[in-house]
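Let's take a walk through a protein structure together. Have the sequence and the 3D view ready, and we'll go from one feature to the next.

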Amino acid sequence: MTASTLTRLTERDRGPTRNGGDRHEPAERTFRERFGLLLRRLTGVDEELLSLIPEERPRYTLQGLVVLATSSMAGIAVFVALQRFTPTPWPFLILASLFWAGLILVFDCWMLSTMHGVKKGGRLRGFTGRILLALLVSLVVAEPLLLYVFRPSIEQQVKVDREQESAWFRSALERCNPVSGEQSTDPDCTEEFLLTVGGSTLTADQTALTATTDERGRVQERVDTLQEQLEEKQELARMECNGSSGDGLTGRSGEGVNCQRLRSEADEFAENSRLDDHQADLLELNAEVETLTSAAGSSTADFATGRAELIEEKVADRAAQEGEHGVIEEMEALGTLSKGSIYVMLGVVLLRMLLAAVDLFPVLTKLFGGHSKYDELYTEQIDLHRERHDQAIRVRRKELQVETERDIGRLEVRQQADRNESEQRIRADKVRQRADFEGEIALQAQKYRQRN
């Protein structure tokens, strides 16, 4: 097909037909022809140019069918995603799906319409930007379908992840709120993990028990010391009365002066040291410790019960706040499944590649299909239009140059005429001024003669 042929075709298409119309259209097309024409329009081909090579029509008809199938799959993906992750009513789901399918359809149509013709410098390099853009869209479209395919495993993994998260949260609450009631010093125990058991007397009972136990220890130590000292004095008096020999002892048995003196010192020590009073206080403290120990045990049990209830409530509130899992959580679950099993990883990768390839079909069909005869004619027609435009520009520039030179000539003639007229006016003014001057001289000469 030469440029002259394309020129004759263009001129014939521009001229009126015998029926008076602008172009010759069939009187009536079958449904199959109209549907094929619609599909080819999705690829952006020129039917008039394609009519020169009708053998190429099936190629572009099927390519249009691929575009329609891709946009339909995009609409299904959005429908699945919205129906799965949002409470959108059915009518709005359908409208949103149709809108997204139409958007992808327009995108693919635009993409294919920019890929016609014979590209110079390599097809792949010329299509790189379009392929990357189409790949980005395909990944967005394929992800909802991927989640739908692995839905059972993903839901199970989400359930396991939430159970682990709940167990960790419960463990943190138990660690940060020990049964002893003591305040945790763990820096990870922030306000979120601290609980307040209302009505609990555990702290007060434990404080009172600790204080009473400490007091009992001090009294016990005092009693033990005094008891030891008293026993030493009593033992010394017994040895003296029994006649035992040793330091400070007389060695004579019987109730002598020293025996009575030592017994009197022991009795006096027992009275002055108030050992009996201290022993009575110790008995009271022992009873009080037993009472407080029982109360602390009851408080501990009540605290543990209230703590367990608060922990369960906290865990339930956290679970309620999580609600229905969303797309991000499902994507994380899918990532966890992929890391845990090589088979799942291969399945995810292969399925994602397959879905992406399906979304890339419109571009891939054009890329791997090679140059068609239509592309060659399209390129020649574009070159012809460009050449015609360049020639029209050159003609217009020439016309503009001629018009400019003509205008310049007119301006020069007008300028010369104005210059001649100005010179004539100047000469006339000079002649008139000279005549006026000579007349004035003649008038003055006549006046002078008349005076003489």
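We'll look at disulfides, then cavities, then aromatic rings.

A few ground rules come before the tour. This is a predicted model, in which local features need pLDDT of at least 70 and side-chain atom pairs count only at pLDDT 80 or more, while totals for chains, interfaces and linings use all residues. Residues are numbered from 1 along each chain as its sequence is written, and side-chain values use heavy atoms, with hydrogens and water left out.

Let's start with the cysteines. A disulfide is a covalent bond between the sulfur atoms of two cysteines; here, a pair counts if the sulfur atoms are within 2.5 Å. How many disulfides does the structure hold? There are 2. One of them links C176 and C189, with 2.0 Å between the sulfur atoms. C176 sits in helix 7 (residues 151-176) and C189 in the loop between helix 7 and helix 8 (202-242), so this pair ties together parts that are 13 residues apart in sequence. Helices, by the way, are DSSP runs of H or I with at least four residues, numbered from the N terminus. The torsion about the S-S bond of C176 and C189 is about -85°, so this disulfide is left-handed. Both C176 and C189 are buried, where buried means under 20% relative accessible area, found with a 1.4 Å probe on protein chains only.

The other bond joins C241 to C259, with 1.4 Å from S to S. C241 belongs to helix 8 and C259 to helix 9 (residues 257-272), so here the tied parts are 18 residues apart in sequence. Which hand does this disulfide have? The torsion about the S-S bond of C241 and C259 is about 85°, so it is right-handed. C241 and C259 are buried too. If you number the bonded cysteines in sequence order, the pairing reads 1-2, 3-4.

On a 1 Å grid over the protein atoms alone, a cavity is a set of points where a 1.4 Å probe fits but cannot get out, and lining residues have an atom within 4 Å of a point. Grid points are joined across faces, edges and corners, and a volume is the space filled by probe spheres set on the points. Counting those of 30 Å³ or more gives 2 cavities. The largest cavity holds about 60 Å³. It is lined by 10 residues, and the closest to its centre are T70, I104, D108, V137 and D359. Helix 6 (123-149) gives the largest share of this lining, 4 residues. The second largest cavity has a volume of about 40 Å³, and helix 4 gives the most to its lining, with 4 residues. Among the residues around it are V80, F85, Y148 and E330.

Last stop: the rings. Rings of Phe, Tyr and Trp (its six-membered ring) pair if their centres lie within 6.5 Å, and planes over 60 degrees apart count as edge-to-face, under 30 as stacked and the rest as tilted. That gives 5 aromatic pairs. One of them is Y60 with Y374, edge-to-face at 5.2 Å centre to centre and 65° between the planes. Y60 lies in helix 4 and Y374 in helix 13 (residues 373-451), so the pair ties together parts that are 314 residues apart in sequence. Y60 is buried at 0% relative accessible area, and Y374 is buried at 0% as well. Together with Y378, Y60 and Y374 form one aromatic cluster.

Terms used:
Helices (H or I, at least four residues) and strands (E, at least two) are DSSP runs, numbered from the N terminus. Buried means under 20% relative accessible area, exposed over 50%, partly exposed in between (1.4 Å probe, protein chains only). On a 1 Å grid over the protein atoms alone, a cavity is a set of points where a 1.4 Å probe fits but cannot get out, and a pocket is an open set with protein on both sides within 12 Å along at least five of seven lines; lining residues have an atom within 4 Å of a point.
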